[in-house]
Amino acid sequence: MTTTRTFIGSALLAIALAATPALADGPIADRGEAVETAMFEQDRATILAMAGDYKVRFDMQESTPWTEGYTPLERKISGGHESVRVIEDTGTRIVLQHLLVAEHEGETFVIKHWRQDWEYEPARILAYTGPDRWEWVDVPERMRNGRWSQTVYQVDDSPRYAGWGQWETTHGIRRWRSNWTWRPLARRDAVRDPVYDRYAAINRHQLTPTGWIHWQDNTKMKPAEGSAEALEPVVQEYVLNTYTRFDGYDVAAADAYWAATEDYWAAVRAKWAEVAERKGGIALEEEAQAGTVISGRLLQIADELRDGEIAQAAAIEEANGLIEAHTG
């Protein structure tokens, strides 16, 4: 028993002291120009294949408790309709914007959802490093060859988490697996004020015959008692998000929303990027219900712009002011 406790304690200490996310796989040896080019083009095609219109199923299950006395939550399944659009493609950088489309009492609502940015052989990523803080973390040079980073952004285009990994085909299945990444709590957890305050996670993306899946292996972590740095695992969670191609909903509403607001959101993305570069990262207060403290207003401005209630220049000016005022 003593040996087991010593091993667990050492593992927790390693997690607490890790300055950067752990590696998922070893380096990729140079495969020659022809092979590298072919793999790069295949990777691009795989990422671009995630764009489209979908019926989405979100399946979340806490499973193994790592803390004595903790009772895992009941499984939760939800879903909806989501349109994914390519909003930027420079060759080595691909940006996919997700738009939720919902109906209530005969009225259609479009909700700007998450965004995923893919970058080929990145030198660094904007990683979550703890409550309310994202910092630039170098990708080890030997781990860049042939790999892509994925940075996920929240509904207001503030950062959420980032990781990097290799696209590969295993047993006929095309997949990308991230390194270990830190992630802030999802709203479903944050609103409950749980004992844990972040996730240590590995993300996977895989194409399917009817779309693609995003599945997450999340270890929910809490601060260790009596330490300002150490963390302890609470419970394991498995999340499987399944995107099945489907256009039997108001797809036009998603495209209309984006057409009316895309320039505004481009300016918001540019402001976040400028702040992160100038300040060496982003410090920004979050709240359980809405994500960041300015998320609600940034989304509301977009709605006002779409409805003709505010001019685009005024919308961008207000958004830029909010981001500048609330970031450290």
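User: How high is the mean pLDDT of the protein?
Analyst: The mean is 92, and 93% of the residues reach 70 or more. pLDDT is the predictor's confidence in each residue, from 0 to 100. This is a predicted model, so local features need pLDDT of at least 70 and side-chain atom pairs count only at 80 or more, while totals for chains, interfaces and linings use all residues. Residues are numbered from 1 along each chain as its sequence is written, and side-chain values use heavy atoms, with hydrogens and water left out.

User: Where does pLDDT stay under 50?
Analyst: Over residues 1–21, for which the model has 12 contacts (heavy atoms within 4.5 Å) beyond four places in sequence.

User: New topic: at what angle do H4 and H5 pack?
Analyst: Helix H4 (residues 251–279) and helix H5 (residues 295–306) pack at about 145°. Helices here are DSSP runs of H or I, at least four residues, numbered from the N terminus. Angles run from 0 to 180 degrees between N-to-C directions, with axes fitted to C-alpha atoms over the stretch in contact.

User: Which residues meet there?
Analyst: Among them are Tyr257, Trp265 and Trp272 in H4, and Leu298, Ile301 and Arg306 in H5.

User: Where does H4 bend?
Analyst: H4 bends by about 60° at Thr261, taken as the angle between axes fitted to the seven residues ending there and the seven starting there.

User: And how many salt bridges does the structure hold?
Analyst: There are 31, each a side-chain nitrogen of Lys or Arg within 4 Å of a carboxyl oxygen of Asp or Glu. One of them joins Arg44 and Glu41, both in helix H2 (residues 33–48).

Methods
Helix = DSSP H or I, 4+ residues; strand = E, 2+ residues; numbered from the N terminus.
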